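The tour moves from one element to the next, then zooms out.

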Amino acid sequence: MAATYQAAYRRASSLFCRLHSTYVRKMRYLNELKEDDSLCRQAQTSGTFYLFHNLSPLLQQVGKKYLVPQVSAAEMKRILEKLKETEQWIEKSVLISCSDEHVPHFALDLGDLEKSVIESELKGSFTDLRKALFVVDEKDSPLLASAQSLLRWHDSHQYCSKTGQPTQKNVSGSKRVCHASGIIYYPQTSPVVIILVSDGSRCLLARQPSFPQGMYTALSGFCDVGENVEETIRREVAEEVGLEVESLWYSASQHWPFPSSCLMIACHALVRAQQAEISMNSLELEEARWFGLEEIVEGLKREPRSSKQDDGSLLPWFPPKQAIAHRLIHEWVKQQTC
């Protein structure tokens, strides 16, 4: 028995090492591409491209599924020739990832080119990212979000904030440089907390006027300068619903490209049931209320189109599973049913 166990352990350890080595090699290769302009320029000739048009990604619908096409360098060249454009367009691309086999993936925005021609050539359509994130496969959502954030950052940081002179991106797009001042600019991410508040037997969800009708989600807000995550959570809950957090714990995080590039830090927060009367800030929220377990379970099953009742009133529904708010709500349900 001991010998069998040791053999199994060696096989598992060997597999882990191989997977680990693959990951390490992949990360180091990506870092080389970011730092070495000539190597990255060469990689552009063999890589694949995720295409955007004015920050909307290209999707292909196959049956009921939406796929994110990876356009080869050769196909990219053909499309540019079709549009009577030069290959210099590829220099505007940004590196976003690579496969385990070291095939680099780039994102390229063709917003200045004729959209209908590109869509026709690739049998797809450019789709608003807010919709795209919830219809594509889960593995593609983070890549699209990261790509759009990086493309948006380059579009809005073309001049040095000190000298006013144009900045120039490196080949990979990992930074921009002002040659007049020597200042190097790197993409920035804003930390945002998203908090599911509970009093032990209920959870608190809210909505803003800009939300789709009937949708409720967890509270959220940006971290202020100098705040840590715990301080931000306590302040946001106090500001938005007038409650004082007694304890809190971390759940997970998610990159979210709206309004620019945010890191959503998801946490649970507990308030005292005896002090759980909501005092809503109407400047921040349209509505905030407590939900019981049964109502949450039913809401998780409900899709937006099924939220409208015969009398015209709306039943509450919650963010889809790709959103980290969904994870928080689902975790709360598990806590209540354990």
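Begin at K84, the residue with a positive phi, near 60°, that follows helix α3. This is a predicted model, so treat each stop as a feature of the prediction.

**Stop 1: strand β1.** Select residues 48-53. Is this strand mostly covered or mostly open? It is mostly covered, with six of its six residues buried. Turn on side chains. T48, Y50 and F52 point one way. F49, L51 and H53 point the other way. Both sets are buried. In general, side chains of a regular strand alternate between the two faces of the sheet.

- β6, residues 104-109: it pairs with β1 in the parallel sense, over five bridges. Here H105 is the bridge partner of T48.
- β4, residues 71-72: its pairing with β1 is antiparallel, over two bridges. Centre on S72, which stands opposite T48.
- β2, residues 56-62: two bridges join it to β1, and the two strands run antiparallel. Look for P57 opposite F52.

T48 is worth a label, with H105 as its partner in β6 and S72 opposite in β4.

**Stop 2: the turn.** Follow β1 into β2. The two strands form a hairpin with two residues between them. Select N54 in the turn; its phi is positive, about 50°.

**Stop 3: the whole protein.** Now zoom out. The protein holds nine helices and 16 strands. Its C-alpha trace spans about 65 × 65 × 50 Å along the principal axes. Of its 338 residues, 44% count as buried. Among contacts between residues at least 6 apart in sequence, 63% join residues at least 24 apart.

Switch to a surface view. The accessible surface comes to about 18,900 Å², and 50% of that belongs to carbon and sulfur atoms. Finish by colouring charges: there are 38 positive and 42 negative side chains. The centres of the two sets lie 7 Å apart.

Conventions:
Residues are numbered from 1 along each chain as its sequence is written. This is a predicted model: local features need pLDDT of at least 70, side-chain atom pairs count only at pLDDT 80 or more; totals for chains, interfaces and linings use all residues. Side-chain values use heavy atoms; hydrogens and water are left out. Buried means under 20% relative accessible area, exposed over 50%, partly exposed in between (1.4 Å probe, protein chains only). Helices (H or I, at least four residues) and strands (E, at least two) are DSSP runs, numbered from the N terminus. Two strands pair if DSSP finds at least two bridges between them. Contact means heavy atoms within 4.5 Å. Accessible areas come from the Shrake-Rupley method with a 1.4 Å probe; for residues, only the protein chains shown count as cover. Lys and Arg count as positive and Asp and Glu as negative; His and the chain ends are not counted. The place of a charge is taken as NZ of Lys, CZ of Arg, CG of Asp or CD of Glu.
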